[in-house]
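Reader: I would like a close look at a single part of this model, the place where the two chains meet. Please take me through it with care.

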Amino acid sequence: MHVPDGFINAPVSAVAGVVAAGAVAVSLRGARRELDGRTAPLAGLVAAFIFAVQMLNFPVAAGTSGHLLGGALAAILVGPYTGVLCIAVVLLMQGILFADGGLTALGVNITVMGVVTVVVAYALFRGLTGVLPRTRRSTTAAAFVAALVSVPAAAVAFTALYAIGGTTDVPLGKVLTAMVGVHVLIGIGEAAITALTVGAVLAVRPDLVHGAQGLAAPLKLRVDGALVDVPAAPAAEPAPAARGRSTRGVWATGLVAALLLAGFVSYYASASPDGLEKVAADKGIDENVKEHGAADSPLADYGVKDISDARLSGGLAGVIGVGVTVAVGSGVFWAVHRRRRPEPVAGALGSD
Amino acid sequence: MGAGHAHRLYRHGHSPVHRLPPHCKLVAVLGFVVVVVSTPREALWAFALYAVLLAAVAAVARVPAGFLLKRLAIEVPFVAFALLMPFVVPGEQTELLGLTVSVPGLWGAWNVLAKGTLGVAASVLLASTTELRSLLLGLQRLRLPPLLVQIASFMLRYGDVITDELRRMSIARRSRGFEARGVRHWGVLAKTAGALFIRSYERGERVHLAMVSRGYTGTMPVIDEVTASRAQWAYACALPVLALGVCLLGWTV
């Protein structure tokens, strides 16, 4: 997904560069807090980790393989600020040293692959862990959903940039369908690997997972071979949280279920027609476009698509819409929630 | 990266291009790429001239063409995308080698291919004539935030360590008969990633402690300040300035 030089025009690249620079500046400040002063070595090592993990190819069906993008993983493991910072550094080094992604497109790359994935993934993750019960399994599930949505969200962000400043005239609807279709598939793999990785780290060093800091496992005692809860103190702790989410819990769970369902349905829907690879099919669509003779507006492009394609793109756009809305909504909710109850959260974090 | 540990991207040499201060080279490459991107795509000859300019730089730097071409392979994925463009872009159709392709699509493909390839070639030349460490010094000299430069330097310094760790884990898996064939094996790969994260993070903590015990206070001392004379700046800027001339000609002609 690295954007090469000359793909997005100069003004839009410059604006994206300014956005990326701003995001990196904010992240530099935030990361100091997240890593309590150990920013340079720890963020550097985490960036090296992301760089290495991007080489970890996982086999997808039929002999092809994909690799992790790592935005959601970084956000959940080390926090959003450090996540943005690490991905930005990885992209900067890839651009300068490995010529992977254009130098003028660096801002576009950082904005799309760093900022959008991390922000969407982390907001969604925080929202979900806020409403789900505080267990390891729900943390893993939230990581899955966050990673699943973050990858197509980046594809949508790229399409938006392309719509404003693309240098080629591929119709917008087609770009959106192809990008989102392909990236939903990538997102499934990303989501599974991210969730499993977060689960694996949680099993060994739960204290390292930034996204699971509030997850204090109750102390258990083994009495005659059976695990028994330690009475008194820990039992009182989850009570206020449970009271707080009693009304919200039902619809939140419903929303998450809908999102998951929609994600899977769209996966099966998009599995057969692959937007980029079916050249022949695209040529067919091209002829349609010529007949209609109104190729300029994206609406026209949506109109001439055959039904399955339109349904596909519509459905996917819907899923992304739901995802982004949930992300933004729950992010706002989380911010308000945190501001309202600073004391218990700080206590639960147990941070120094 | 200590002495004698040059990265495989770097090609050791003593050419005038190697000797230029890193920040001059960075500015020159960036300027060149910006100029290339803002050239109108209809000026075919301009891109040929850019390629000639880059070839001249490669000749001065004594970077062999084979080395350069091998490194250009990084752009294969988007070449595939560009080759698809003439078929998916709507518009006026034309015949080319017996295939029906669209004219705007051809222009689009040419645009991305030419500009992308020139950009990649410029970056490859920069990376193969500049050591990683001096590249980072150059970035610092260009007022990149010092913390960002530190993070990047740690990433580069430990990138190979972490990658090797991943490779060792992969060898360990394979020596036990494991081969990732499908979705069922994602769990194993994810556990690898998890273990790698824990190892990286803990190594980061150890590195930090080691640094603190040696007097680290949050900033790195600058021990070798790179400076550039006016002549070196002029020498480095020859490339983007010549390119700018070509670009202006491309707009007017």
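Author: The side chains of R205(A) and E202(B) meet in a salt bridge, with nitrogen and oxygen 2.3 Å apart, in what should be read throughout as a predicted model. Across the interface of chain A and chain B the rule finds one salt bridge, and it finds three residue pairs in polar contact there, with both residues of each pair at pLDDT 80 or more. On the side of chain A that touches chain B, the elements that give two or more residues are the helices α1 (10-34), α2 (39-53), α3 (71-78), α4 (80-97), α7 (172-204) and α11 (279-292), together with the strand β1 (57-59). The largest share of that side comes from α2(A), which gives 14 residues.

As for the extent of the interface, 69 residues of chain A are in contact with 78 residues of chain B. The size of an interface is often given as the accessible area lost when the parts come together. Between chain A and chain B the buried area is about 6,300 Å², and carbon and sulfur atoms give 80% of it. Within chain A, the residues that lose the most area to chain B are L45(A), P59(A) and L97(A), which together make up 10% of what that side buries.

Turning to a helix pair within chain B, α8 (residues 146-175) and α9 (residues 186-213) pack at an angle of about 140 degrees, their axes lying 10 Å apart, and α8(B) passes α9(B) in a right-handed crossing. Among the residues that α8(B) brings to this contact are F154(B), Y158(B), E165(B) and R173(B), while those from α9(B) include V188(B), T192(B), R199(B) and M211(B). The residues of this contact divide into twelve nonpolar, two polar and four charged.

Conventions. Residues numbered from 1 in each chain as written. Chains lettered and ligands numbered in written order. Predicted model: local features only at pLDDT ≥ 70, side-chain atom pairs only at ≥ 80, totals over all residues. Heavy atoms only, no water. Contact = heavy atoms within 4.5 Å. Buried area = accessible area lost by both parts, 1.4 Å probe. Salt bridge = Lys/Arg side-chain N within 4 Å of Asp/Glu carboxyl O. Polar contact = N/O pair within 3.5 Å; in protein donor to acceptor, adjacent residues only side chain to side chain. Helix = DSSP H or I, 4+ residues; strand = E, 2+ residues; numbered from the N terminus. Axes fitted to C-alpha atoms, helices over the stretch in contact; angles between N-to-C directions. Left-handed = near helix turned anticlockwise from the far one by under 90°. Nonpolar A, V, L, I, M, F, W, Y, C, P; charged D, E, K, R; others polar.
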